[in-house]
Amino acid sequence: MDIAHSLQQIPSSYIREILAAASDKNVISLAGGLPDEQTFPIELMKPMLGQLADMPEVFQYGETAGYGPLLAFLRKYYQLPDTHSAMVCTGSQQGLDLIARAYVNPGDKVVMEAPSYLGAMQVFGLVQANMLSVPQTETGPDLAALEACFSNDAPKMFYAVPDFHNPTGISWSLPTRQKVAELCIRYNVALIEDAPYRELRFTGDALPLVSDFCPQHSIVLRSFSKIASPGLRIGIVTGQKHYLEPLVKIKQGADLHSSVPMQALLLGLLKHQAFNQHIESIRALYKTRYDVLYAELVAQLPDGCAVTEVDGGMFVWVTLPTCDTFALAKSLLSNGVAVVPSPVFYADHSTAKSALRLNFTNAKPDDLKIAVKRLAQGLEKQLSPNKADLVDVE
C-alpha cells in the first residue's frame, strides 16, 4: 500500500537516527533535548500517586479539552483573559500538530526563523505548508526581513520559539517581542508562540511572552516535559476560545483525550508547596552544566569557531568555519560524542550556515569536559584540510 504523498516528502528524522546511535553507553550525547532524570520530581508526585488509587473517576473516559480541575487551575496559573481558554494535549508537540491540521491548507504560507525547530518543520511539512524563512539575529528575527515577508507574502502564521530558541538558545529582546507583536496585528498574521523552555531561565529577568502584546492574534504552546517529566506527555495550548475549538474537534478524532490520570498527577504536582523550589533546583543544576560546557568550548574550540552565550534553556549553538557538518557529526559519533549538525534546522539545507547544536542538560560536568575535548579534536581534524587548501591557494 502506497503511503500518502505528504509523508513521501518528509525525510527521515536525523535526530531520531542519531539518538538511536547515541544510546550506546560509550557515546556522550550532546544531541537530544533530554532533561536530566535526576530532575524528575518523583518525591513531590508520590502523595498524588497514592491518592489516584482512590479516584476511580480519573480512570474513565474524560473530556477532550482536558481534566476540568487542571484546566481551572491553569486559567489562574497563566492568568488567561476571559476571552481565552486552555486545552491539554499529549505533549506540546501534539498541540503544534493540531494547529497545523486545523489551520494550514496545502500551499498556505507559514513563516519560521532560520534556523528553526526541526519538529515544527516536520509538522508543517506533513500538511504541505509553504514554509518561508527569515534570518535570525542575536536578539530575535530580522525585523526588516520579517516585515517584508508579512507585507509581500501575506502568510497565515508565524511560528517562533522566543525563549531559549531551539536550536540556537537565544532569547528575543523586549523591543523585538513588542515589534513582532505589532507586525502580527498590523498584517493579521497569527503568532504561534512555542514556549517549552520558558521556565528554564537561569540568568537575568524573565521577559513577557510575545503573545502578551498581541493576545488576540496568538496561540501559545507550553510544555511540562522539561520541568516535570517527558513521560507525563502533558502539553498545554492557550489562546482565544474560538481559536481552540477546531483543535478540540481534531483531537477528539485523534485520541479522544490525553491521559486523565497523568493530568490529575500533574495538578497535584503543580499544587505542591515545594514545586517552585523544584523549579529553582532545575535552574541551578542546568546553569552549572551550561557554565562548564561554555567554559570548555571557549577554551578548546579551534580558531574560527564561536559559541553563542545563553541565559537558560537546554542548548548552545556553535558556529564553525564552512565545512560538511553531516560528515563532522558522523566522525564525532565514531569518536564517542553525539551532536546535531545545523542543516537539519533549515527548511532548505543548502542555505544552512555551518554550526552544531549542543545540549548541556543531560550530561554530567565530567562528561561535558570529555565531550568537548573529543569535539575539539574532531573539529581540528575536519577543518585542517580546509586550512591546507587556503595555504595552497595563496
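Trainee: Into which domains does the domain assignment divide the protein chain?

Mentor: Domain bounds of this kind come from an automatic or database domain assignment, and here the assignment gives domain 1 (5–40 + 276–381) and domain 2 (60–271). This is a predicted model, in which local features need pLDDT of at least 70 and side-chain atom pairs count only at pLDDT 80 or more, while totals for chains, interfaces and linings use all residues. Residues are numbered from 1 along each chain as its sequence is written, and side-chain values use heavy atoms, with hydrogens and water left out.

Trainee: How many residues of domain 1 are in contact with domain 2?

Mentor: Contact means heavy atoms within 4.5 Å, and by that rule 31 residues of domain 1 are in contact with 28 residues of domain 2. The centres of the two domains, taken over C-alpha atoms, are separated by 24 Å.

Trainee: At what angle do helices α5 and α9 pack?

Mentor: Helices (H or I, at least four residues) and strands (E, at least two) are DSSP runs, numbered from the N terminus. Axes are lines fitted to C-alpha atoms, for helices over the stretch in contact, and angles run from 0 to 180 degrees between N-to-C directions. Helix α5 (residues 92–103) packs with α9 at an angle of about 105°, and their axes are 9 Å apart. That makes α5 roughly perpendicular to α9, given that angles under 35 degrees count as roughly parallel, over 145 as roughly antiparallel, 65 to 115 as roughly perpendicular and the rest as oblique.

Trainee: Which residues meet where α5 and α9 pack?

Mentor: From α5 come Gln94, Leu98, Ile99, Arg101, Ala102 and Tyr103, and they meet His242, Tyr243, Pro246, Leu247, Ile250, Lys251, Ala254 and Asp255 in α9. The residues of this contact divide into nine nonpolar, two polar and three charged, where Ala, Val, Leu, Ile, Met, Phe, Trp, Tyr, Cys and Pro count as nonpolar, Asp, Glu, Lys and Arg as charged, and the others, Gly among them, as polar.

Trainee: Is Ser258 buried or exposed, and which side chain does its own side chain join in a polar contact?

Mentor: Buried means under 20% relative accessible area, exposed over 50%, and partly exposed in between (1.4 Å probe, protein chains only). Ser258 lies in the loop between α9 (241–255) and α10 (260–271), and it counts as buried because its relative accessibility is 2%. A polar contact is a pair of N or O atoms within 3.5 Å; within protein, one must be able to donate a hydrogen and the other to accept it, and residues adjacent in sequence count only if both atoms are side-chain atoms. The side chains of Ser258 and Lys251 are joined by such a contact of 2.9 Å. Leaving aside neighbours within four places in sequence, Ser258 is in contact with Val88, Cys89, Thr90, Gln94, Lys251 and Gln263.

Trainee: What is the phi of Leu256, and where is Leu256 placed?

Mentor: Leu256 has a positive phi of about 70° although it is not a glycine, and its place is in the loop between α9 and α10. At 42% relative accessibility, Leu256 counts as partly exposed. Ala154, in the loop between α7 (143–153) and β6, also has a positive phi, near 45°, and Ala154 counts as exposed at 59% relative accessibility.

Trainee: Which residues does a cis peptide bond with an omega of about 5° join?

Mentor: That bond joins Ala114 and Pro115, and Pro115 is in the loop between β3 (109–114) and α6 (118–126). The peptide bond from Asn166 to Pro167 is cis, with omega near 25°.
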